Amino acid sequence: MAYKDLQDFLKTLDKKGELKRVGVELDPYLEIAEVTDRVSKGFGPATLFEKVKGSRFPVLTNAFGSYKRMHLALECESLDALSEHIETFLEVKKPGGIIDKLKLLPKLARMANIFPKAVTSAPCQEVVYEGDAVDLSLMPVLTTWPEDAGPFITLPLVITKNPQTGMRNMGMYRMQVFDKNTTGMHWHKHKGGAYHYYLAERMGQRLPVAVAIGADPAVTYAATAPIPDEIDELIFAGFLRQSPVEVVKCRTVDLEVPANAQFVLEGYVDPGERRREGPFGDHTGYYSLADDYPVFHVTALTHRRDAIYPATLVGPPPMEDCYMGKATERLFLPLIKKQLPEVVDMNLPLEGVFHNLCFVSIDKRYPGQTRKVMYALWGLGQMMFTKVIVIVDKDVNVQNTSEVLWRLGNNVDWRRDVVIVEGPTDALDHASPLPHLGGKIGIDATKKGPEEGHHREWPDSLTMSADVKARIDGLWSSLGL
């Protein structure tokens, strides 16, 4: 059954030995972050800090910080198996004939209970502060690195509506706390929330915003998923949890939020208003540079009486966000294969922090196919940010970074097999000469033949004889090795 709320998820983590409770008082200024960093680097458990200096609320970190916890969060035995269901969800089409209709029935049955369900009262509104009573210092927002410009909310579910169509977007964008009732809104140009603000600003309108903190794990993950713009993340979350997300109407803005959230911030962003935000120690392992971003004015703060404040720490990998990124890689690979059937597998290594490295194996059949795949990947949604794409043959295990690097060193002629292009870059890319625009490289590490200008014989890889391998397999247990 779907988790009722974050507390329900923590019960499961506790039962599975995946949660550690810390009873020593620690400061939300740097201390909790330092502990979390050590736990993350040691592949440790989710951590609940029960005594937080200056706050009555506990802090939860690293809740998604392992493959096992990602499976528990999404209630699946295998991400690859779940990916098949996601493919169904995103590609349900109108049936043509009776056979198509019969095939569609089990798919529709799975979709029957995924749409948000409105409720009139909710745990997230058990305690309400409005107007001058709002004080964001109520929450134990973490300052995670010494040169951070202040405390940052790092797991916010930011909800807006397209001011022209009414279509909802829920994304995750960091929020620097400026004072008791304003924060930054770190909207990158390429994101859905930024587009809604762009439209509102062109229309000269104030954009209502609601921020939920600490929903159940499927809802939190859905805010990070690269689903098409026309699909509501709350519907996608309902699909993941196979139960509708209960939503409640905000008290001061015309938006709905997950009813089971721990905290909710309501407010607005005015057109044309900017404030300097950052620096912030980011998942790249560097401080992202300070820049001007929209300002979020909080008109109401509501929370549960038993609220837990969830946060994620980002920095040099491995960190919690790496596992959320790897889940996205596995869950959405089938959709990439739909558009690029020659793709066998893909790996976004942790060291590449999502957008710097991409290893792809393909079933290569004709010259130029590697370049076709590179260009296509750069044209797919958030894959446009990928700085390095390495293409290898289908027999190469791209999940083994050592094997990919071995092929890279041996199979590449650097004058023939490299493509350098210019295109959009992630806003956090400090190496590009211009913000949001820079160079990318594609590397063809596949075998080459005469049709690609390689007229020398391509050598065979070293492989032991099958009969010898079989004999040694039978003897292995007796060898004492």
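**Cavities, core and cysteines**

Tutor: Keeping in mind that this is a predicted model, we can begin with the second largest cavity, which holds about 50 Å³ of space.

Student: Which residues line the second largest cavity?

Tutor: The lining is made up of Cys 322, Gly 325, Lys 326, Glu 329, Leu 348, Pro 349, Leu 350, Val 353 and Phe 354. Sorted by class, the lining of the second largest cavity has six nonpolar, one polar and two charged residues.

Student: And how much space lies in the largest cavity?

Tutor: The largest cavity has about 100 Å³, and the structure holds two cavities of 30 Å³ or more.

Student: What lies nearest the centre of the largest cavity?

Tutor: Of the 14 residues that line the largest cavity, Leu 6, Phe 64, Leu 155, Thr 220 and Pro 310 lie nearest its centre. Helix 1 (6–15) and helix 7 (217–222) each supply at least two residues of that lining, and by class the lining has 10 nonpolar, two polar and two charged residues.

Student: How many disulfides does the structure hold?

Tutor: The structure holds zero disulfides. Cys 322 is in none, and the nearest cysteine sulfur to it is that of Cys 358, 15 Å away.

Student: Changing topic, which residues touch the most other members of the largest nonpolar core?

Tutor: That core has 60 residues, and Leu 74, Tyr 221, Phe 236 and Phe 332 touch the most other members. Another core, of 36 residues, lies apart from it, with Val 52, Leu 136, Val 177 and Leu 301 among its members.

Student: What is Tyr 221 in contact with, beyond its sequence neighbours?

Tutor: Leaving out neighbours within four places in sequence, the contacts of Tyr 221 include Met 70, Leu 74, Phe 236, Met 324 and Phe 332. Met 70 and Leu 74 are both buried in helix 3 (residues 67–74), as are Arg 69, Leu 72 and Ala 73. Just after helix 3, Glu 75 takes a positive phi of about 55°.

Definitions and conventions:
Residues numbered from 1 in each chain as written. Predicted model: local features only at pLDDT ≥ 70, side-chain atom pairs only at ≥ 80, totals over all residues. Heavy atoms only, no water. Disulfide = S-S within 2.5 Å. Core = buried A, V, L, I, M, F, W, Y, C linked by side-chain atoms within 4.5 Å. Buried < 20%, exposed > 50% of the residue type's maximum accessible area, 1.4 Å probe, protein only. Contact = heavy atoms within 4.5 Å. Helix = DSSP H or I, 4+ residues; strand = E, 2+ residues; numbered from the N terminus. 1 Å grid on protein atoms, 1.4 Å probe; cavity = no way out; pocket = protein on both sides within 12 Å on 5 of 7 lines; lining within 4 Å. Points joined across faces, edges and corners; volume = space filled by probe spheres on them. Nonpolar A, V, L, I, M, F, W, Y, C, P; charged D, E, K, R; others polar.
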